[in-house]
Amino acid sequence: MKGETVRWSIRLGQVAGIGIFVHWTFFLLLAWVGYAHLASGDSAAAALRGVGFIISLFACVVLHELGHALTARRYGVATRDITLLPIGGVARLERIPEKPMQEFFVAIAGPAVNVVIAAVLFGIIHTLGLPIATQASRVSGSAFAANLMWVNVALVVFNMLPAFPMDGGRVLRALLATRMTRVRATHVAASVGQVMAMLFGFVGILSGNWMLLFIAMFVYVGAQGEAQAVEMRSVFRSHRVSDAMIRRFQTLSEEDTVEEAARESATSQQRDFPVMNGETVAGLVFYDDVLKALRSGQNDQPVGQIMRRDCLVASADDPLDRALDRMNACGCRTLLVQHGGRLAGMLSEEHLGRWMLLHSSVSRRDSDDSGAAA
């Protein structure tokens, strides 16, 4: 089953088998740039050139993300898609390579692309004898090339800051991981990032630069999230699917109606349901598909007509982290678990979050009891 792209995004095309999407809010950015030019007294042609510069800038961002994606592909990591947002681009890799040098090369590939772009633009400017100084008020002629070159330089500097979720944070983590465990390396890199974020925030408050304050919050939360994600993954790696799967669940038959599925969901608080054909799994019906059918007035439609037949299936003995990788790779929030050829359980993102909280609480209690006994 193919994963869903970022919501409210429009497909622009495909490069090297990777879908390129743009979020609708990106067009608000283009409209704002055009309006800003017109409001300042510029001509319509100048406004169009300003919009063209932003489009060129984001073309560089797409190339940056393709650098990550194509390098990751060399290590067997696929990229689901690349989406352009007003704040930049997002390449959704199936996973981050855990071998330190693989992560290093994947992380540094994006900024390396911007270095190449800046070098090419510098060569063009130098060859044509154009001025290399940036001119913020102009984005045409020689100023266009110079501004685009310096923006690419700025992208390299910003992305190489040693703080998650920037590329520099991953580069730092990869280098540290050659000398220590990945979890420890992540905590050290995250701590460095959070210290930088606090410095950014302090400077932003003193100078009244609210953009710097926004960046500080972005970096601080990103560093914290990365540390938590890696810690969770280290826990998942030491468990099997059977340890975390849901063992008590309701099933539906292909003849059950959408309305009956909705009623089961309301009374059992179960979102997704396996659909059975006797003792055989026929598919999986998702809560979102049930809602969509209800909104369309298809209350009496059999769930067999809206279920997903290509649902993910794992073995109860599979490593938990591998199962999670498969869920992330296809964008599935639920997979079915089989044991001995029979349906034995379900694994969902929502339940995994609760299981992780309980596991952490038990581990923390055991650690406290051991400390007290010592």
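Start by selecting strand β10, residues 342-348: five of its seven residues are buried, so the strand is largely enclosed by the rest of the structure. Buried here means under 20% relative accessible area, exposed means over 50%, and partly exposed lies in between (1.4 Å probe, protein chains only). Strands are DSSP runs of E with at least two residues, helices are runs of H or I with at least four, and both are numbered from the N terminus.

A word on what is on your screen: this is a predicted model, in which local features need pLDDT of at least 70 and side-chain atom pairs count only at pLDDT 80 or more, while totals for chains, interfaces and linings use all residues. Residues are numbered from 1 along each chain as its sequence is written, and side-chain values use heavy atoms, with hydrogens and water left out.

Strands pair if DSSP finds at least two bridges between them. Click on Val337 and you will find Gly345 of β10 opposite. Two residues sit between the strands of this hairpin, and Gly340 in the turn has a positive phi of about 65°.

**The β3-β4 hairpin**

Next, select β3 (residues 79-85) and β4 (residues 88-93), an antiparallel pair with five bridges. Leu84 has Gly89 in β4 as its bridge partner, and the hairpin joins β3 to β4 through two residues.

**Two helices**

Move to α1 (residues 25-39) and α2 (residues 44-74), which pack at an angle of about 145° with axes 8 Å apart. Axes are lines fitted to C-alpha atoms, for helices over the stretch in contact, and angles run from 0 to 180 degrees between N-to-C directions. Among the residues that meet are Leu30, Val33 and His37 in α1 and Gly50, Val51 and Ile54 in α2; contact means heavy atoms within 4.5 Å.

**A cluster of rings**

Finally, show the side chains of Phe26, Phe27 and Phe58, which ring pairs link into a cluster. Rings of Phe, Tyr and Trp (its six-membered ring) pair if their centres lie within 6.5 Å; planes under 30 degrees apart count as stacked, over 60 as edge-to-face and the rest as tilted. The whole structure has four aromatic pairs. Phe26 and Phe27 are edge-to-face, 6.2 Å centre to centre with 75° between the planes. Phe26 is buried at 6% relative accessible area, whereas Phe27 is partly exposed at 39%. Phe26 and Phe58 are also edge-to-face, because their planes are at 70°, with ring centres 4.7 Å apart. Phe26 lies in α1 and Phe58 in α2, so this pair ties together parts 32 residues apart in sequence.
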